[in-house]
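This report goes through selected local features of a protein model. Please read it alongside the sequence and the coordinates.

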Protein chains: 4
Amino acid sequence: MAPKTGLWFIGARGSVATTATVGALALTAGLTRRTGCVTDLPEVAVARPPGVADLLIGGHDVAGDSLPKRAEALADGGVFGIELARAVHDGLTRVDARIRHGVASTDPHEPSEGTQREAVEQISRDLAGFRAAHALDRVIVVDVATTEPPVAMTPELSDLDALERALAAGESPLPASSLYAYAAFRAGCPVVAFTPSPGPRLPALAQLAERVGLPWAGSDGKTGETLVKSALAPMFATRALRVRSWASYNLLGGGDGRALADPVTVTSKTETKGKGLTELLGEPVDGPLHIDYVEDLGDWKTAWDMVSFEGFLGTKMSMQFTWQGCDSALAAPLVLDLARLVARAHQAGESGPLGALGFFFKDPAGDSGHDLAGQWRALTEWCGRLGGDR
Amino acid sequence: MAPKTGLWFIGARGSVATTATVGALALTAGLTRRTGCVTDLPEVAVARPPGVADLLIGGHDVAGDSLPKRAEALADGGVFGIELARAVHDGLTRVDARIRHGVASTDPHEPSEGTQREAVEQISRDLAGFRAAHALDRVIVVDVATTEPPVAMTPELSDLDALERALAAGESPLPASSLYAYAAFRAGCPVVAFTPSPGPRLPALAQLAERVGLPWAGSDGKTGETLVKSALAPMFATRALRVRSWASYNLLGGGDGRALADPVTVTSKTETKGKGLTELLGEPVDGPLHIDYVEDLGDWKTAWDMVSFEGFLGTKMSMQFTWQGCDSALAAPLVLDLARLVARAHQAGESGPLGALGFFFKDPAGDSGHDLAGQWRALTEWCGRLGGDR
Amino acid sequence: MAPKTGLWFIGARGSVATTATVGALALTAGLTRRTGCVTDLPEVAVARPPGVADLLIGGHDVAGDSLPKRAEALADGGVFGIELARAVHDGLTRVDARIRHGVASTDPHEPSEGTQREAVEQISRDLAGFRAAHALDRVIVVDVATTEPPVAMTPELSDLDALERALAAGESPLPASSLYAYAAFRAGCPVVAFTPSPGPRLPALAQLAERVGLPWAGSDGKTGETLVKSALAPMFATRALRVRSWASYNLLGGGDGRALADPVTVTSKTETKGKGLTELLGEPVDGPLHIDYVEDLGDWKTAWDMVSFEGFLGTKMSMQFTWQGCDSALAAPLVLDLARLVARAHQAGESGPLGALGFFFKDPAGDSGHDLAGQWRALTEWCGRLGGDR
Amino acid sequence: MAPKTGLWFIGARGSVATTATVGALALTAGLTRRTGCVTDLPEVAVARPPGVADLLIGGHDVAGDSLPKRAEALADGGVFGIELARAVHDGLTRVDARIRHGVASTDPHEPSEGTQREAVEQISRDLAGFRAAHALDRVIVVDVATTEPPVAMTPELSDLDALERALAAGESPLPASSLYAYAAFRAGCPVVAFTPSPGPRLPALAQLAERVGLPWAGSDGKTGETLVKSALAPMFATRALRVRSWASYNLLGGGDGRALADPVTVTSKTETKGKGLTELLGEPVDGPLHIDYVEDLGDWKTAWDMVSFEGFLGTKMSMQFTWQGCDSALAAPLVLDLARLVARAHQAGESGPLGALGFFFKDPAGDSGHDLAGQWRALTEWCGRLGGDR
Ligand SMILES: NC(=O)c1ccc[n+]([C@@H]2O[C@H](COP(=O)([O-])OP(=O)(O)OC[C@H]3O[C@@H](n4cnc5c(N)ncnc54)[C@H](O)[C@@H]3O)[C@@H](O)[C@H]2O)c1
Ligand SMILES: NC(=O)c1ccc[n+]([C@@H]2O[C@H](COP(=O)([O-])OP(=O)(O)OC[C@H]3O[C@@H](n4cnc5c(N)ncnc54)[C@H](O)[C@@H]3O)[C@@H](O)[C@H]2O)c1
Ligand SMILES: NC(=O)c1ccc[n+]([C@@H]2O[C@H](COP(=O)([O-])OP(=O)(O)OC[C@H]3O[C@@H](n4cnc5c(N)ncnc54)[C@H](O)[C@@H]3O)[C@@H](O)[C@H]2O)c1
Ligand SMILES: NC(=O)c1ccc[n+]([C@@H]2O[C@H](COP(=O)([O-])OP(=O)(O)OC[C@H]3O[C@@H](n4cnc5c(N)ncnc54)[C@H](O)[C@@H]3O)[C@@H](O)[C@H]2O)c1
Ligand code: NA
Ligand code: NA
């Protein structure tokens with residue numbers, strides 16, 4: 001039986017998308033194990049989401065290298081074995097043929113060709129064409145494109161009607177990520193914001209999702225240091241230990257690292273990374289948070305955190321950890337998980353921000369705290385309910 | 001109003017007991033903050049346990065140095081400030097006057113004087129005397145004595161009737177920790193096993209608790225590396241990341257470190273420390289677990305853990321952490337928490353192992369997993385129920 | 001016999017100066033060991049420098065708290081024991097009475113009262129008065145004041161004659177550290193630049209030292225992370241291992257940390273810290289270098305370094321270290337060492353920058369590399385020569 | 001021109017030997033860079049040792065897998081790229097054809113076939129045959145076989161004449177590593193002991209080397225944690241900082257790890273690893289030293305060291321480091337370095353233990369301390385002398 005769920009990447013030739021595509025092909029061909037796939041754990045699988053083999057992948061990108069080439073480069077960097085890359089070469093070529101040129105720039109200073117309304121129409125046509133060509137039940141749009149700098153709030157971004165008027169007037173008020181989200185919603189597609197870019201989180205976009213009755217999830221995949229934080233901080237809180245300072249240093253290379261080397265862009269990320277700690281600990285906590293670009297490290301993010309805390313009778317103690325993870329290998333299975341779970345939510349008729357998916361995000365939209373164990377419980381309870389609903 | 005709950009330490013002049021006593025006196029006098037006191041968090045306080053000021057402290061020990069002297073030594077080692085030790089000097093002297101000489105040896109090779117039946121009677125008399133002299137509602141016996149080596153199972157340790165016959169026959173079948181627990185139960189006192197020693201966990205003792213209808217909790221306080229493990233391991237499990245090896249190294253000095261330098265005794269501790277990981281990860285995990293005595297470190301336990309794990313497409317990654325904690329400062333507030341919560345359970349008529357207190361232990365007795373967040377939920381739900389029950 | 005060598009601190013009530021003063025008094029009174037005193041190692045002692053007991057301490061500062069108060073605060077922060085602080089209380093009070101109000105501001109935006117020529121005269125008078133009052137053979141001026149921001153080079157700072165003309169014209173061309181150095185040289189006193197401030201390193205000042213035939217040493221004491229770097233980097237170099245990136249993160253509180261929280265001032269320090277690596281490794285190396293102010297840590301600097309390197313056949317490996325040191329306790333004995341060795345050099349008639357003291361500095365003046373072992377050899381050979389010279 | 005120096009590995013199909021062989025072939029073919037090759041640094045190259053291309057490789061082993069297969073396995077484990085392994089496939093096949101079956105067992109409990117005298121003759125024949133077949137100027141025997149357990153000293157091991165009598169009497173007094181060394185010396189070949197096995201270090205063997213006038217070097221390659229120690233410990237010593245404890249933990253898998261998992265064998269290694277610290281610090285230092293076998297890590301040794309030290313005024317501080325190195329990639333270039341330098345020493349007529357090569361060893365034979373910088377100086381001075389001598 002042919003796949004029924006479309007997975008459409010914005011940034012389809014990036015590291016995360018390429019790794020996810022390699023993984024989906026490898027899993028479908030039975031060439032690898034399901035390690036890292038949360039959706040295949042029994043507590044989540046109970047929701048009966050589509051399988052990885054049910055996903056058909058396409059997407060937008062603006063860059064040149066083909067997927068097989070990108071896969072080879074990632075294998076070189078140790079993200080996965082070169083044999084695996086070669087084994088799925090033909091599948092990659094087929095996905096590559098389904099990648100369309102993205103029409104919007106993430107660089108606010110680069111003038112975009114045409115109006116945003118035209119861009120929206122182009123994107124919507126691409127999405128509709130993809131769905132029709134493969135007779136898909138639904139298409140989930142997943143943003144894994146380059147992180148954008150933060151945007152200043154304007155009336156057009158805060159209110160859907162104002163936004164519609166601006167677009168109708170030929171203006172270009174949207175950052176690229178939100179333009180894609182706008183087009184996706186207009187084309188009837190749920191959205192996953194895996195990046196810290198504004199995407200569907202702008203109030204005007206969230207209103208649109210509500211109005212058209214579509215579910216979405218976000219934002220910024222929680223794959224490394226922030227993941228550890230969300231597991232550790234509750235330990236201090238429930239043990240009544242007072243965290244005095246928490247310093248976080250991140251080193252990474254790769255395309256993501258290069259984008260985050262920009263002092264403005266990086267604030268999108270440091271904001272989502274920083275958000276949780278105050279909530280988890282019940283009070284603001286001192287300490288620097290840096291993300292530094294070190295080309296040499298490639299996809300191998302290294303993070304060091306130093307937590308200084310106070311115990312009984314004021315005694316000062318500390319804990320530090322070093323995380324050495326392969327960013328794309330951590331992100332890719334989550335991207336597949338999210339596409340499958342959002343597809344299931346769409347099938348079940350859910351709409352608006354899916355708070356139950358907070359487990360996957362640094363800056364969860366909807367009703368979700370930052371505590372990893374609490375997020376896991378919320379996720380599995382939601383999956384249980386979806387599983388019961390036939 | 002006079003305190004109504006007795007807190008009776010086995011090992012009353014040890015580091016943990018001394019720090020707990022200093023802390024109880026300092027809190028009662030308003031000289032310090034409640035940092036580290038889990039029972040004062042709102043989700044636990046809802047159970048309405050006795051306050052710290054309601055505790056009257058006494059105990060057994062077999063060693064010489066007085067509590068004020070022990071407190072000064074701990075202050076020297078940086079466990080708390082010397083000013084604090086001096087401020088509670090008189091209170092310590094009063095507690096010290098309530099410490100009785102323990103009658104049982106923890107060293108199986110050292111012949112104990114008299115029969116164990118006589119020892120039991122002596123201990124029970126001490127406990128009853130303490131309760132009567134201060135008109136206490138109840139006395140909670142908390143074992144914070146030197147860790148004992150593991151025991152070989154025998155019929156007397158497995159079955160209460162066999163044990164009673166052996167004691168009646170003048171035999172000495174019990175390790176010291178279990179002898180204390182036996183005497184405590186006979187004297188109507190709930191028991192907290194804060195050490196990995198057998199104590200109330202021997203089947204014969206658990207039967208006795210059931211028969212006399214008394215609650216107990218144990219065992220082995222979860223204060224450092226194992227605490228972190230129980231917060232981190234679920235992160236790997238719920239993210240479907242496969243832990244390939246987990247190495248755990250612990251360095252510590254102090255009295256506890258000296259006892260654990262014994263290659264037999266230490267197995268009591270490495271067993272309780274090792275138990276959780278298999279359950280938390282769903283499969284046995286390779287990797288060494290060492291506890292090394294380094295005199296120089298004193299109470300300042302340093303632990304280093306190295307976790308090697310596999311993610312999507314077989315990619316190998318790692319995480320390591322260093323924990324630098326003051327063992328006694330971490331243990332002391334938990335000891336007060338446990339005394340207060342077990343007192344509350346006794347008042348509410350609970351009996352047998354209190355699974356809801358698994359949050360505090362490396363090797364939880366009763367119905368409790370090892371997952372810290374799950375234990376926290378179980379604890380707070382139980383407290384909510386106790387709070388509702390008047 | 002009365003002390004014969006004056007030790008004059010600029011920043012005499014700062015953490016480093018206070019710790020050095022406490023230490024000098026404690027050593028003289030036989031209350032502590034010589035741990036950390038390089039000059040008392042046989043290979044250095046051979047130079048026959050004055051003893052610690054031969055030092056008489058005075059200085060300039062611009063801040064209020066008295067030395068006994070500063071010592072108490074440092075003891076609170078764990079730099080040394082409170083008993084020690086109390087034992088030397090009277091000695092501290094005597095030194096405090098020898099502290100004069102500094103006349104120059106380190107803040108370029110704060111208008112200084114009077115001309116710099118007047119300030120020079122004031123400082124020189126203070127130094128001459130100190131020497132005369134105590135019949136000292138010589139006075140060594142040691143700058144341990146707040147770090148200054150870098151200065152832009154001007155003709156007055158580059159050339160002594162231009163400087164003299166400017167001063168004569170009533171101008172104020174000098175940063176405070178260099179003003180002190182100017183006055184010291186004019187008063188016949190050798191100078192030690194323990195900070196990264198310009199001090200005696202400006203070309204005009206170095207010319208002055210040469211002209212008046214005085215020795216000086218600097219700059220920026222090498223006490224922590226940079227010390228480790230200078231021991232480790234040669235390992236990579238002599239093993240032909242190629243360092244690909246070296247990331248350095250420093251966390252500290254205290255007065256020094258507060259000053260370095262200023263984004264401009266901190267560049268003085270990051271520059272001296274960064275200088276050595278390129279030389280030690282033979283090529284520039286990528287990687288961030290941060291100094292972050294974390295109030296909570298006080299004097300307890302924590303540094304984490306991550307070295308990524310390449311070995312045979314291009315294999316990538318890594319090493320990381322965490323340094324947890326008490327900055328003032330590391331700096332103080334070096335300050336005493338430097339005063340003693342510079343006094344000895346002065347006695348022996350040396351002048352100009354003392355390259356043989358590069359062992360003590362992040363940014364060594366004179367003829368010295370950055371390699372710690374090489375610096376040690378240079379130091380001990382120089383001491384051997386001084387020892388032979390009678 | 002044909003190679004003139006034979007490099008004969010004991011353990012020729014082990015990880016270290018295979019990596020060295022891959023590397024020698026790759027360097028000769030210009031496929032890789034000289035990273036890690038100490039002998040190609042100018043200060044060492046001045047000695048004019050033979051080039052890597054001048055080495056012809058052969059050896060003994062007792063195990064089955066061919067060199068190309070071993071290389072593929074090592075590439076799988078990430079020691080080098082699979083492309084490199086394939087590029088030198090034919091060269092590896094040619095070296096493999098020069099590997100002879102070793103005749104001695106390293107397991108003292110496994111009965112060896114034949115007398116040791118016969119084994120010696122066999123080995124000597126293999127060596128002489130290798131030299132003759134390829135018209136080599138000299139053959140350097142390098143022991144990179146499985147580590148042996150320590151031996152108990154006996155008269156035969158302590159005295160050459162006693163040893164000769166025992167061999168003549170058909171006895172088997174020698175551990176395998178020393179049997180190989182004996183045969184090598186008898187065949188006129190210099191020896192490098194890269195393992196902690198007794199090899200040429202037994203007094204009887206050292207006498208033999210002296211008698212036949214051959215140079216040798218050893219023992220136990222210094223490639224990881226001990227290397228770092230020998231760079232760091234002098235920092236503490238020359239700064240007069242008192243090391244209070246130094247804990248060393250090593251995790252590794254691979255063949256070497258498996259051999260060291262044996263509780264007796266590992267003492268050979270912990271002894272060589274432990275030796276230096278006392279000398280470097282001038283006094284014995286407390287602290288555990290463990291080597292743990294963790295299969296999962298393969299060749300990727302991870303070591304964590306925790307140094308607790310005391311500074312001025314008794315202040316306690318600490319430093320910790322984590323070393324993540326690929327053992328074989330670190331060892332292989334040193335093995336080539338040693339073969340080249342010992343060949344040069346042989347050519348120059350040196351004999352006995354080459355103290356100047358202490359730079360390469362954990363437990364240096366001959367006149368050499370453990371201080372890395374001092375060893376580097378000794379090495380380069382020796383090279384300078386060799387270079388001057390024509
Ligand atoms: N662990 C992780 O890797 C992780 C975790 C959380 C979030 N993220 C986010 O995921 C995103 C992707 O990360 P990556 O490592 O794959 O980065 P990458 O640089 O490898 O890939 C980004 C891709 O987006 C494409 N792109 C840029 N602008 C576009 C546009 N306007 N339209 C379409 N495509 C566009 C680029 O050409 C590139 O192919 C980043 O925003 C990153 O912050 C990654
Ligand atoms: N973080 C922690 O400190 C922590 C955590 C979990 C468990 N524990 C356990 O708590 C116990 C106490 O630790 P500590 O650091 O206070 O040790 P300690 O050595 O300072 O104190 C133990 C005390 O027990 C006394 N004692 C020994 N045998 C006795 C007997 N038969 N009867 C009465 N008293 C006896 C000793 O005299 C000593 O005063 C240890 O078993 C330890 O493993 C401690
Ligand atoms: N390990 C170390 O502590 C270390 C190492 C290298 C360099 N240093 C340098 O040593 C200096 C002192 O460090 P600290 O921790 O003692 O700092 P601190 O802030 O505790 O002390 C600085 C002192 O200088 C005084 N001061 C400021 N401006 C002055 C002026 N114009 N004239 C006279 N006094 C003035 C301040 O009032 C203060 O008392 C800093 O520049 C620091 O960078 C310290
Ligand atoms: N960084 C390092 O890798 C390093 C550093 C110092 C010392 N060493 C030492 O080098 C040696 C080799 O390490 P490895 O990782 O290659 O180990 P390995 O297990 O991969 O290889 C050892 C080889 O020796 C062979 N062997 C065993 N007994 C033999 C005998 N009697 N005659 C001939 N061959 C025999 C084995 O068959 C095997 O092929 C070990 O002793 C190790 O301790 C290695
Ligand atoms: Na990435
Ligand atoms: Na300082």
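## Basis

This is a predicted model, in which local features need pLDDT of at least 70 and side-chain atom pairs count only at pLDDT 80 or more, while totals for chains, interfaces and linings use all residues. Residues are numbered from 1 along each chain as its sequence is written, chains are lettered from A and ligands numbered from 1 in the order in which they are written, and side-chain values use heavy atoms, with hydrogens and water left out.

In the model, residues 224-328 of chain A are 38% helix and 36% strand, with 11 Å between the end C-alpha atoms. Helices (H or I, at least four residues) and strands (E, at least two) are DSSP runs, numbered from the N terminus.

## Backbone geometry

Most residues other than glycine have a negative phi, and most peptide bonds are trans. In chain B, the peptide bond from B:G218 to B:S219 is cis, with omega near -10 degrees. B:S219 sits in the loop between β6 (215-218) and α11 (225-238) of chain B. In chain C, a cis peptide bond joins C:G218 and C:S219, with omega about -10 degrees. C:S219 belongs to the loop between β6 (215-218) and α11 (225-238) of chain C.

A:A135 is not a glycine, yet its phi is positive, at about 50 degrees. A:A135 is placed in the loop between α6 (116-133) and β4 (138-143) of chain A, and at 52% relative accessibility A:A135 counts as exposed. Here buried means under 20% relative accessible area, exposed over 50%, and partly exposed in between (1.4 Å probe, protein chains only). Phi of B:A135 is also positive, near 50 degrees. B:A135 lies in the loop between α6 (116-133) and β4 (138-143) of chain B and is exposed, at 54% relative accessibility.

## Buried residues and sequence-distant positions

A:A240 is found in the loop between α11 (225-238) and β7 (242-252) of chain A. A:A240 is buried, with a relative accessible area of 14%. Its C-alpha atom is separated by 9.6 Å from that of A:L281, 41 residues apart along the chain.

In chain C, C:L386 is part of helix α15 (residues 372-388) and is buried, with a relative accessible area of 3%. The C-alpha atoms of C:L386 and C:V46 are separated by 7.9 Å, and the two residues are 340 residues apart along the chain.

## Salt bridges

Side chains of opposite charge can pair when their charged atoms come close. Over all chains the structure holds 64 salt bridges, a salt bridge being a side-chain nitrogen of Lys or Arg within 4 Å of a carboxyl oxygen of Asp or Glu. One of them joins A:D161 and A:R211 (3.4 Å, N to O). This pair links distant parts of the chain, 50 residues apart, with A:D161 in helix α8 (residues 160-168) and A:R211 in helix α10 (residues 203-212) of chain A. A:D161 is partly exposed, at a relative accessible area of 37%, whereas A:R211 is exposed, at 53%.

In chain D, the closest N and O atoms of the salt bridge between D:R186 and D:E164 are 2.3 Å apart. D:R186 lies in helix α9 (residues 176-186) and D:E164 in helix α8 (residues 160-168) of chain D, so the pair ties together parts that are 22 residues apart in sequence. D:R186 is partly exposed, at 42% relative accessibility. A further salt bridge is formed by D:E310 and D:R244 (2.9 Å, N to O). D:E310 lies in strand β9 (residues 300-310) and D:R244 in strand β7 (residues 242-252) of chain D, so this pair ties together parts that are 66 residues apart in sequence. D:E310 is buried, with a relative accessible area of 5%, and D:R244 is partly exposed, at 23%. Elsewhere, A:R33, B:R242, B:R244, B:E310, B:K316 and D:D296 are linked in a network of salt bridges.

## Negative surface patch

A:D76, A:E83, D:D76 and D:E83 gather in a patch of negative charge on the surface. Patches are made of residues with over 30% relative accessible area and no salt bridge, like charges being joined within 9 Å and nonpolar side chains (Val, Leu, Ile, Met, Phe, Trp, Tyr) within 5 Å. Lys and Arg count as positive and Asp and Glu as negative, while His and the chain ends are not counted. D:E83 is found in helix α4 (residues 82-87) of chain D and is partly exposed, with a relative accessible area of 46%.

Conventions
Accessible areas come from the Shrake-Rupley method with a 1.4 Å probe; for residues, only the protein chains shown count as cover. The place of a charge is taken as NZ of Lys, CZ of Arg, CG of Asp or CD of Glu.
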